[in-house]
Structures are given as structure tokens and as C-alpha cells.
Amino acid sequence: MTPEELESAKKALLDMRREVLKEVQEAMAEYRELGGEALPDISDISANANSRDVLLNLGQNQRQKLRDIETALERIAEGEYGNCMRCEEEIAAQRLKVRPFSRYCIECKTEIEKYGE
Ligand SMILES: [Zn+2]
């Protein structure tokens with residue numbers, strides 16, 4: 001990966017993170033307006049997972065995405081970004097462009113979906 005590619009991946013990830021956080025905050029504000037209990041922070045959403053499924057499903061997906069984004073940002077900092085976390089081959093640039101937070105190359109991803117991690 002070139003420094004330019006890394007830089008633009010990092011920018012895309014930071015944009016995505018901001019976007020996800022905004023969605024979560026809006027959903028939480030809406031939840032409170034509907035008379036729900038205050039949810040102090042994102043990590044507590046799962047504790048309330050029995051009710052308000054729409055919001056909470058959103059919360060869960062967003063949380064997973066945030067984790068993936070954080071991992072990708074850490075890997076950029078460590079200079080390991082762009083390599084598959086399973087086989088350590090380079091992940092296709094096209095795949096990273098569509099999903100900059102990809103942890104695995106497409107082959108490993110397919111196998112993990114079939115057989116588990
Ligand atoms: Zn792989």
C-alpha cells in the first residue's frame with residue numbers, strides 16, 4: 001500500500017466513524033424522546049437489548065462497525081493495514097475501497113462465513 005492509499009483509507013475510516021457515531025446519537029436521542037431510559041453510552045446499549053428492537057439492532061450493527069473501524073485505524077497506526085488478519089496476504093485494493101474496515105481477504109472471509117473463525 002502506498003502512503004497515499006493509506007492516507008485516504010484513514011480519512012475514509014474517520015469519516016465513517018463520525019457518521020456511525022452520529023447515527024447512534026440520533027437514535028439515542030429519539031429513544032429518549034419516546035420516553036425510554038437514558039442510555040449513558042454506546043457500550044450499554046446491549047444491556048437493554050430486550051426492548052426497542054429497531055434502535056437496539058441499529059445499535060448492535062453500529063457497534064460492530066465501530067469496532068471494525070477502530071481495529072482498522074489501529075492497524076494503520078501499526079503499519080499492518082491492508083493485510084489479511086488470517087493469512088496475512090494483501091487484501092485486494094478494490095475490496096478495501098468498498099469496505100475500508102475489512103479485516104480479511106475475500107478468500108478468508110468466505111471460509112470464515114462457511115466454517116467460522
Ligand atoms: Zn486471507
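In helix α1, the buried residues include A9, L13, V24, M28 and Y31. Keep in mind that everything here comes from a predicted model. Helix α1 runs over 31 residues and spans 45 Å from its first C-alpha to its last, close to the 45 Å expected at 1.5 Å a residue. Just after α1, G35 takes a positive phi of about 95°.

Now for the whole chain. The secondary structure comes to four helices and zero strands, and reading along the sequence gives α-α-α-α. Of the 117 residues, 15% count as buried. Where do contacts reach along the sequence? Among contacts between residues at least 6 apart, 47% join residues at least 24 apart.

The chain averages a pLDDT of 84, and 80% of its residues score at least 70. Over residues 45-51, though, the pLDDT is below 50, and beyond near neighbours in sequence this stretch has eight contacts in the model. Where pLDDT is low, the predicted coordinates should not be read in detail. Among the elements of the chain, helix α4 (residues 106-115) has the highest mean pLDDT, at 95, while α2 has the lowest, at 84.

**The core**

Which residues make up the largest nonpolar core? There are 10 in all: A9, L13, I69, A72, Y81, I91, L96, F101, Y104 and C105. The elements that give two or more residues to this core are α1 (3-33) and α2 (53-78). In soluble globular proteins, nonpolar side chains tend to be buried together.

A9 is a handy place to start. This residue is found in helix α1, and A9 counts as buried because 22 other C-beta atoms lie within 10 Å, against a cut-off of 20 or more. Setting aside residues up to four places away in sequence, A9 touches I76, Y81, L96 and P100. Of these, Y81 and L96 are also listed in the core.

C105 is another core member, and C105 lies in the loop between α3 and α4. Is C105 buried or exposed? C105 is buried, because 21 other C-beta atoms lie within 10 Å. Leaving aside neighbours within four places in sequence, the contacts of C105 are C84, C87, E89, I91 and A92.

Apart from neighbours within four places in sequence, I91 is in contact with G82, N83, C84, L96, S102 and C105. C84 therefore turns up as a contact of both C105 and I91, given that contact here means C-beta atoms within 7 Å.

A77 is found in helix α2. This alanine is exposed, because A77 has 10 other C-beta atoms within 10 Å and the cut-off for exposed is 12 or fewer.

E88 is worth a look for its backbone. Most residues other than glycine have a negative phi, but E88 has a positive phi of about 65° although it is not a glycine. Where does E88 lie? E88 sits in the loop between α2 and α3 (93-98), and E88 counts as exposed because there are 10 C-beta neighbours inside 10 Å.

**Pairs apart in sequence**

| Pair | Separation along the chain | C-alpha to C-alpha distance |
|---|---|---|
| A9 and Y81 | 72 residues | 9.3 Å |
| A77 and K10 | 67 residues | 9.6 Å |
| C105 and N83 | 22 residues | 7.7 Å |

Note on methods:
Residues are numbered from 1 along each chain as its sequence is written. A nonpolar core is a set of buried Ala, Val, Leu, Ile, Met, Phe, Trp, Tyr and Cys residues joined through C-beta atoms within 7 Å. Two residues are in contact if their C-beta atoms, placed from the backbone, lie within 7 Å. The expected span of a helix is 1.5 Å times one less than its number of residues. pLDDT is the predictor's confidence in each residue, from 0 to 100.
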